[in-house]
Amino acid sequence: MTRTYDAPPVRVWAALTESDLVKRWWGPDGFTAPVARMEVRPGGTSLVAMRSPEGFELYNTWTYGLVDPPRRLEYVLGFCDASGRPVPPSSLGLPGDIPETGVPHEVTLTPSGGGTELTVTERGYGTADTVRMSRLGLEQTLDKLAAVL
C-alpha cells in the first residue's frame, strides 16, 4: 500500500519510530494505542498495543532487521502477550493463516515534492480474505498517521 503525506521524510520517520507519535496513530479506526515501547535499531524489538473501543488489547512486537533512517524499515510483526511473549495469532481469535513466525513488513519512504511517499509491504498471509482484512486495518491506520503528520 502506498500513501503520500504532506510532510518530509524525517517527520514521517519520527512518526513511525517515536513512542509518543506511534501512540497517536497505531491501530484502525476507533482503536487507541496505550503502549508503544520503541526500540528501533537492527535486532531491536518494539512492543506496541492497540485497544478496541470495547477494551480488548492486542499486542504486537516489531523485530527489526534493516533500519535505514529516514528511508527504510524492515521488521517482522509478531503477536504476543502484554509482556512481549509470543502467542499464536489464532489464540487471539485471528485467522489461522497468519504465520505464527510473524508477518514480514517493509516500509519505504521516498521524497515526493515537499512530502513523502510511504509504501508498506506485508508478506505471508495465507488467504485473500486475510489479506483484505489486513489491508482494511492498514488503510485506516495510515489515515490516522496522516492526521498526526
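This briefing covers the largest pocket, the salt bridges and several individual residues of the structure above. The model is predicted. Its largest pocket has a volume of about 670 Å³, and 10 salt bridges are counted in the structure. Four residues, R72, E74, E106 and R123, are linked in a network of such bridges.

**Largest pocket**

- The lining of the largest pocket is made up of 30 residues. Those that lie nearest the centre of the pocket are W26, M50, S134, G137 and L138.
- Two or more lining residues come from each of β4 (57-68), β5 (72-80), β6 (103-112), β7 and α3 (128-148).
- Helix α3 gives the largest share of the lining, with 7 residues.
- Sorted by class, the lining holds 23 nonpolar, 6 polar and 1 charged residues.

- R72 and E106 form a salt bridge through their side chains, with an N to O distance of 3.2 Å. This pair links distant parts of the chain, as R72 is in strand β5 and E106 in strand β6, 34 residues apart.

- The side chains of D129 and R132 are joined by a salt bridge of 2.2 Å, N to O. The two residues both lie in helix α3, 3 residues apart, or about one turn of the helix.
- D129 counts as exposed because its relative accessibility, 54%, is over 50%.
- E139 and R135 form another salt bridge, at 3.5 Å from N to O. These two are separated by about one helical turn because they stand 4 residues apart in helix α3.
- An α-helix has 3.6 residues a turn, so residues three or four places apart point the same way.
- E139 counts as partly exposed at 28% relative accessibility, and R135 is likewise partly exposed at 44%.

**Helix α1**

- Helix α1 spans residues 9-17 and is mostly covered, with 7 of its 9 residues buried.
- The buried residues of α1 are P9, V12, W13, A14, A15, L16 and T17.

**N60 in strand β4**

- N60 is found in strand β4. With a relative accessibility of 2%, which is under the 20% cut-off, N60 counts as buried.
- A polar atom of the N60 side chain lies 3.2 Å from the backbone oxygen of G78.
- Neighbours within four places in sequence aside, N60 is in contact with W26, S46, L47, V48, M50, L77, G78, F79 and C80. Two of these contacts, W26 and M50, are also among the residues that lie nearest the centre of the largest pocket.

**T119 in strand β7**

- T119 is found in strand β7, which covers residues 115-122.
- The side chains of T119 and T2 are joined by a polar contact of 3.0 Å.
- Not counting residues up to four places away in sequence, T119 touches M1, T2, E106, V107 and T108. Of these, E106 also takes part in the salt bridge with R72.

**S112 in strand β6**

- S112 lies in strand β6 and is partly exposed, with a relative accessible area of 31%.
- Leaving aside neighbours within four places in sequence, S112 is in contact with T4 and E117.
- S112 and S91 are 21 residues apart along the chain, and their C-alpha atoms are separated by 41 Å.

**E100 in the loop between β5 and β6**

- E100 is found in the loop between β5 and β6. The relative accessible area of E100 is 62%, which is over 50%, so the residue is exposed.
- With neighbours within four places in sequence left aside, E100 is in contact with P88 and P89.
- E100 and S90 are 10 residues apart in sequence, and the distance between them is 8.5 Å, C-alpha to C-alpha.

Definitions and conventions
Residues are numbered from 1 along each chain as its sequence is written. This is a predicted model: local features need pLDDT of at least 70, side-chain atom pairs count only at pLDDT 80 or more; totals for chains, interfaces and linings use all residues. Side-chain values use heavy atoms; hydrogens and water are left out. A polar contact is a pair of N or O atoms within 3.5 Å; within protein, one must be able to donate a hydrogen and the other to accept it, and residues adjacent in sequence count only if both atoms are side-chain atoms. Contact means heavy atoms within 4.5 Å. On a 1 Å grid over the protein atoms alone, a cavity is a set of points where a 1.4 Å probe fits but cannot get out, and a pocket is an open set with protein on both sides within 12 Å along at least five of seven lines; lining residues have an atom within 4 Å of a point. Grid points are joined across faces, edges and corners, and a volume is the space filled by probe spheres set on the points. Ala, Val, Leu, Ile, Met, Phe, Trp, Tyr, Cys and Pro count as nonpolar, Asp, Glu, Lys and Arg as charged, and the others, Gly among them, as polar. Buried means under 20% relative accessible area, exposed over 50%, partly exposed in between (1.4 Å probe, protein chains only).
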